[in-house]
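Hi,

Here is the structure I said I'd pass on.

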Amino acid sequence: MTDTRDNPLLRLVETDQLPEFDAIAPAHAEPAVDALIDEARAAVDQAIAKAADAAPTWANLIAPVDAAQDRLGRAFSPVSHLHSVIDSPAWREAYQACLPKLTAFSSEIGQNGDLFEAVQRLRDSAEYARLDAAQQRVIDDMLRDFRLAGVALDDEAKARYREIAQRRSELATTYQQHLLDATQAWRRHITDEAELAGLPDSARALLAQNAAGKDLDGWLVTLDAPSFIAVLSHAADRGLRAEVYEAFSTRASDVGPNGGEYDNSALMDEILALRHEAAGLLGFANYAEQSLATKMADSPDQIERFLLDLAERTRDTARSELDALRTLARADGIDTLEAWDVPYYAERLKEQRYDFSDEDLRPYFPAPAVVDGLFRVVERLYDVRIRPRHDVRTWHDDVTVYEIRDADGAPRGVFYLDPYAREGKRGGAWMDGFQNRRVHADGIQLPVAFLTCNFSPPIGDAPALLTHDEVTTLFHEFGHGLHHMLTRVDYAPVAGIAGVEWDAVELPSQFMENWCWARESLDLFAAHHETGAPLPAELFDKLAASRTHMAGWQMLRQVEFSLFDLRLHRDYDPARGARVLETLDAVRAEVAVMTPPSFNRFPHSFMHIFAGGYAAGYYSYKWAEVLSADAFSAFEETTLFDTTTGRRFLTEVLERGATRDAIDNFIAFRGREPSIDALLRHSGLDEPRAA
């Protein structure tokens, strides 16, 4: 048993308590990881020995190995999370000290031939047939993952595979840190208010608050999302838009205002080379093929056909949208529409066509009310209750904690919500699990989630006022959280999101976005933050009409990113190297309707594929959106809060985890195979059909 007296991470794994975040320091990380790796290694050795002395069973082999890995994961999860949300030199050092040890241990387990053989014996025994479907799935996935970790390789190839895994982990971490540093390194101090022409009051107040936080007069533009988006969407000063666009689109690259300082170019080349080499060691033709071992799609070529079909259906609409922007720009004396003009004129086109702006909606989306409304939507859909917890220690004053219970009071899960952008916090929005649901000797370990966003923060004493896009992001991430927390599966490797095919994990998240567009759900929370007046019918009608605004453009951009990612990994040639920008240029020439400027270095900040879980899988967003749109159409066929349909989605999708294939979950809910029709209709891209 480990000594827990002076280390809150070690105390944590001995209880079912939540982390003591205000007591966890960087110095606690490495000792906890060292102790728990040693403990896990001993548990694995003991399980192998027991399985050798007697027939392998779930109780003597799988359960103890899973328990040991769960303890290690629960201790490291707070370390990884704090590294992302309160970054500092000390947390980086602690994280980087732990990561190689964890990667090495993961490789050690994945290539442990004795453990693999013991699991295989269990799979081949009569005992396997007596296990339930979830347990069988755990065992089948373990055997697959052993092979993907190189268990069948010879000793020399195993060693090389371990070296590759270690180096890839280091490179991904450095890539992520470069991007954060580059984002925070650039700022534009403005003292002449004339440069802010066109910016709404909310944006000016945010930039003023940014400046005050640095003891500066005037206004401070940063590359954090709320600041960057406000300038690109509203600044009448084209020069300011161009300057901010260049700084943002060249982050962590060889060009731009900080060119070469945090350059990810060499990292990307090495990451791609190592992925390809590792795939070859395992017998795959390329990394794209390897990635499909844990996805729904059958082949890279099937994915490419899917993406090119979307591009073909979308291109004419996107061209028409771009022509409308060019017309507006010409009226302002701009003969050539540039990339930094697109968001600005897209917003002007929305104002012209629908007679409203995103800023008109902000007063009706105060963050506390939106959060409460989200909970009310979920409570009605799934008959659960969400209540705040005030007894939990957090890492920042912005963070709130909640628990989910069934209507009868039975607990389902806990989640932390960290909503606002701040310095030292990784950009974007994400859900991550602290712990999965699992059965143990004392009962059930409940799932716990971290929900992290980077919304516009409160200004002064007023509540944060969200854009509709931010509202949609909140619903999206909570969809992931529900998938994690509402599972009924008792075995952590296949509970919640764990083990689900990666091109299906976006189904519950994109599904939740639909409730941000419906009157019945918006009425639960959209009210003016000062007067309490509900969202006016006229304004809602304009919002609803704008749902397909620039939908072709957005669809084509997602296709572009997905196709780039796929071909980057499928077509990698060791003799020619990564060819990152060359590949992107070729994809854009094929599917894009507008080419960004030559200095644009989008790949250098494409964290999803270079430092996230979406390598050769970014297509998953569009693939899963087919599923999510079709799933929501089941509610369109009944009512938005139809309890029977909601219960069926809960039981057939959210609660099922990875105990069966994602396509089988969908069919069990929908009663048929998925159709692309709903996605095209929701995007305004459906073609008229003959009578």
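**Helix packing, domains and cavities**

Helix H14 (residues 300-331) and helix H22 (residues 551-570) cross at roughly 150 degrees, and their axes come within 8 Å. Angles over 145 degrees count as roughly antiparallel, so that is the label for H14 and H22. Their crossing is left-handed. As for what sits in the contact of H14 with H22, the residues are 15 nonpolar, four polar and six charged. Do bear in mind while you browse that this is a predicted model.

Helix H10 (residues 225-234) packs with helix H11 (residues 238-249) at about 140 degrees, and the axes of the two are 9 Å apart. Roughly antiparallel needs an angle over 145 degrees, so H10 and H11 come out as oblique to each other. The crossing of H10 and H11 is left-handed.

On to the domains. UniProt, in an unreviewed entry, puts "Oligopeptidase A N-terminal" at residues 52-158. That stretch, residues 52-158, is 82% helix and 0% strand in the model, and its end C-alpha atoms are 24 Å apart. The other domain I noted, "Peptidase M3A/M3B catalytic", is placed by UniProt at residues 232-684, again from an unreviewed entry. Residues 232-684 are 49% helix and 9% strand, with 25 Å between the end C-alpha atoms. H14 and H22, at residues 300-331 and 551-570, both fall inside the span of that catalytic annotation.

The largest cavity has a volume of about 70 Å³. Which residues line the largest cavity? They are His 483, Val 500, Ala 504, Leu 507, Val 653, Gly 657, Ala 662 and Asn 665. By class, that lining has five nonpolar residues, three polar and no charged ones.

Cheers

How values were computed:
Residues are numbered from 1 along each chain as its sequence is written. This is a predicted model: local features need pLDDT of at least 70, side-chain atom pairs count only at pLDDT 80 or more; totals for chains, interfaces and linings use all residues. Side-chain values use heavy atoms; hydrogens and water are left out. UniProt positions are given in the numbering used here, feature names are shortened, and annotations may be inferred rather than shown by experiment. Helices (H or I, at least four residues) and strands (E, at least two) are DSSP runs, numbered from the N terminus. Axes are lines fitted to C-alpha atoms, for helices over the stretch in contact, and angles run from 0 to 180 degrees between N-to-C directions. Angles under 35 degrees count as roughly parallel, over 145 as roughly antiparallel, 65 to 115 as roughly perpendicular and the rest as oblique. A crossing is left-handed if the near helix is turned anticlockwise from the far one by less than a right angle, and right-handed if clockwise. Ala, Val, Leu, Ile, Met, Phe, Trp, Tyr, Cys and Pro count as nonpolar, Asp, Glu, Lys and Arg as charged, and the others, Gly among them, as polar. On a 1 Å grid over the protein atoms alone, a cavity is a set of points where a 1.4 Å probe fits but cannot get out, and a pocket is an open set with protein on both sides within 12 Å along at least five of seven lines; lining residues have an atom within 4 Å of a point. Grid points are joined across faces, edges and corners, and a volume is the space filled by probe spheres set on the points.
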